[in-house]
Amino acid sequence: MASNDPGWGSRNNDGPPDLDEMLRQFSRKLNGLFGKGPSRNQPDGSGSSIAILPIIVLIALIWLATGFYIVDQGSRGVVLRFGKHVETTLPGPRWHIPFPVESRNIVVMEQVRTLEVGYRSAGEEGTSRGRELRESLMLTDDENIIDLQFAVQYNIKSPEDFLFYNRDVEAAVRGTAETAIREIVGKNKMDFVLYEGRTEIAALAKKLMQDILDRYKSGINIVNVNMQNAQPPEQVQAAFDDAVKAGQDLERQKNEGQAYANDIIPKARGAAARLLEEAAGYKVRVINEAQGDASRFNQVLSQYEKAPEVTRRRLFLDAQEQILSKVSKVVVDQKGGGGNLLYLPLDKLMATAEATPAQGTSTTNTPAQSAEDSNAQRSRESFRSRERESRP
Amino acid sequence: MRNIGAVLIGFIVALLLLSMSAFTVDQREYAMIFRLGEIVSVKRTPGLYFKMPLVENVRTFDKRILTLDWGEPDRFITSEKKNVLVDSFVKWRIADPAKFYVSVRGGDEAQAQARLAQTVNDGLRAEFGKRTIHEVVSGERDKIMEILRQKADKEARQMGIEVLDVRLKRVDLPEEVSESVYQRMEAERKRVANDLRSQGAGAAEKIRADADKQREVIIAEAYRDAQRIKGEGDGRASEIYASAYSRNPEFYAFYRSLDAYRNSFKSKSDVLVLQPDSEFFKYMRDAGGRK
């Protein structure tokens, strides 16, 4: 009779049987059933029945013993008397009036079962998953097709409803899961289902499934709806991946632009700072120079004012000396030559001067000597010969 | 011993009679009692019942909710003449066992389901024919299911059946139409991808241009400030020079000219052509300085 007792085979961890409770239950039930008097299998005292009596008693005891059962933790025992539900028992050792009066159903209640829609996980290893395209492909509101795989976890909230109101509850849960998810997906746009709305879809599907199952009085409690996978169908996967990649490209391009900005703006700030610092430096420099020049001039001026003539002459001669000591010189006395055409090969003079820049001092005397000569030609030759002599 | 034997026989006979007349009705079923083929009563509540042995017999019907599920989806045509594959299931249960037994020959569940399927299929065809795919898939799904339920329920009542729910499971496009949907989806994604990419290029360009602008502005502002600072310096310097030199402009001209000469003629490559009668040579010609 027990139709739903996967945990029935393992009677363990229930602690010591509560014997008192069991005996009380036992006698209460017997009294309830044959309330009027002593039980049937009580010996009536006749001596001749001695041989049969123990056998009857033994059979009766065995019969009574078949009424014991254990309800595991997380399960409930549902007891029917002549087919009518009389009680639901909690975990522990229990007794009911044996067949044919009462029967029991053990319902594993709290254990969470999993139902897979759109795929089947392959065995315990779960290495490869079989896909069920017929279950997983569905239409969205905007008439796109998506591939949705999800798992429904459920347990039983009412063992009585679970047993009494539906034939094949497991199939009902599967059917409900499919219809609910398709209804929800059918009401939403593809992008919502695939990306931002996944958890919301799962929550809506869970609620709708629970509503439907409650309407059927199935006694099922939906614990969770897990979206395993929500993706576009294989045929268009590449295009979708590309679109996702394009989204990342967008970010990348923005970042590259930002990187460029981050590169040049600080550099520009640096350049700006340099300009300002240079300007500040320039300002200080020109002011200081001005102050220096002014101070120098002032001091010379005050001395000049004391002896203008001498100072003026000294300054003049100093300057002449300095200049003439550095430059190449040609002294020409034109008055003596009268109308002669004077030929001065300046380019050659300069070429010579450049070839011997260090010889400046050695030629200082030249003008003085050549100044004596009134002939420009000679003067030039002498100048050149001096040059030649002084060459190392 | 004879006493005991008689008791035993009596007990066995009693048991036999009991087993022939007593029957239980389960929580999950109805029991119908026939007396020589005629329905006498229907037991709806579970418990222990008795009947007349041999003359009466009992038949049970499932009281639970049953599921009618098509294995294969059916093709329907929508108002825009498109094919859709539809898969649905029906939740039903026997509400009136007597009626059920009478109207469905022999109370056969399979036969009842076949008739129910027929009804629901007709309903689906009619409702789908009035609507577009979009309405069927999303907009009016609930409405269709409710209409179908009411319709199926009304017809099924005559068979003693209550229809609790008609639900659309799959509403899919046939393979050949799916292909074009995929193509459309692909094209749409490409559009999105291109859109995103050009958005990215645009955004990047904008950021770069903005950066360039900022750079120009920063440099220009710095240049402006730098020039102002330099100007301040120049101004201050001019002021200092002016205040110093204005004490004796004539001497300044002389002094500054000497400086300028000095700075102008400082290289060997500068050639001066001089006349010996210049001021400088005054004493070179004559110790007395006379001309």
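Two residues are in contact if their C-beta atoms, placed from the backbone, lie within 7 Å. By that rule, 68% of the contacts in chain B between residues at least 6 apart in sequence join residues at least 24 apart. This is a predicted model: local features need pLDDT of at least 70, side-chain atom pairs count only at pLDDT 80 or more, and totals for chains, interfaces and linings use all residues. Residues are numbered from 1 along each chain as its sequence is written, while chains are lettered from A and ligands numbered from 1 in the order in which they are written.

**The two chains**

- Chain A has 13 helices and 12 strands. Helices (H or I, at least four residues) and strands (E, at least two) are DSSP runs, numbered from the N terminus.
- Chain B has eight helices and 10 strands.
- Of the 392 residues of chain A, 28% are buried. A buried residue has 20 or more other C-beta atoms within 10 Å of its own, an exposed one 12 or fewer, and a partly exposed one lies in between; the C-beta atoms are placed from the backbone.
- In chain B, 25% of the 291 residues are buried.

**Where the chains meet**

- The contact takes 101 residues from chain A and 96 residues from chain B. Helix H6 (residues 175-245) of chain B gives the most to its chain's side, with 40 residues.
- That side of chain B has 51 nonpolar, 15 polar and 30 charged residues. Ala, Val, Leu, Ile, Met, Phe, Trp, Tyr, Cys and Pro count as nonpolar, Asp, Glu, Lys and Arg as charged, and the others, Gly among them, as polar.
- H8(A) and H6(B) pack at about 5 degrees, with their axes 8 Å apart. Axes are lines fitted to C-alpha atoms, for helices over the stretch in contact, and angles run from 0 to 180 degrees between N-to-C directions.
- H8(A) and H6(B) are therefore roughly parallel to each other. Angles under 35 degrees count as roughly parallel, over 145 as roughly antiparallel, 65 to 115 as roughly perpendicular and the rest as oblique.
- Helix H8 (residues 234-306) of chain A also meets helix H7 (residues 249-264) of chain B: their axes come within 11 Å and cross at roughly 115 degrees.
- On H8(A), Phe297(A), Val300(A), Leu301(A) and Tyr304(A) meet Phe251(B), Tyr252(B) and Tyr255(B) of H7(B). The residues of this contact are seven nonpolar, no polar and no charged.
- Strand S12 (residues 328-331) of chain A pairs in the parallel sense with strand S10 (residues 271-274) of chain B, over four bridges. Strands pair if DSSP finds at least two bridges between them. Val331(A) has Leu274(B) as its bridge partner.

**A sheet in chain A**

- Three strands form an open sheet in the order S3-S2-S5, with antiparallel pairing. Its edge strands are S3 (84-89) and S5 (102-108), each pairing on one side only.
- Strand S2 (residues 75-81) of chain A and S5(A) are joined by seven bridges. Val78(A) has Asn105(A) as its bridge partner.

**Strand S8 of chain B**

- Nine of the 12 residues of S8(B) (residues 83-94) are buried, so the strand is largely enclosed by the rest of the structure.
- S8(B) runs antiparallel to strand S9 (residues 161-172) of chain B, with 10 bridges. Val90(B) stands opposite Val166(B).
- Strand S6 (residues 66-69) of chain B is antiparallel to S8(B), with four bridges. Leu66(B) has Trp92(B) as its bridge partner.
- Strand S7 (residues 74-77) of chain B also pairs with S8(B) in the antiparallel sense, over four bridges. Asp74(B) stands opposite Val86(B).
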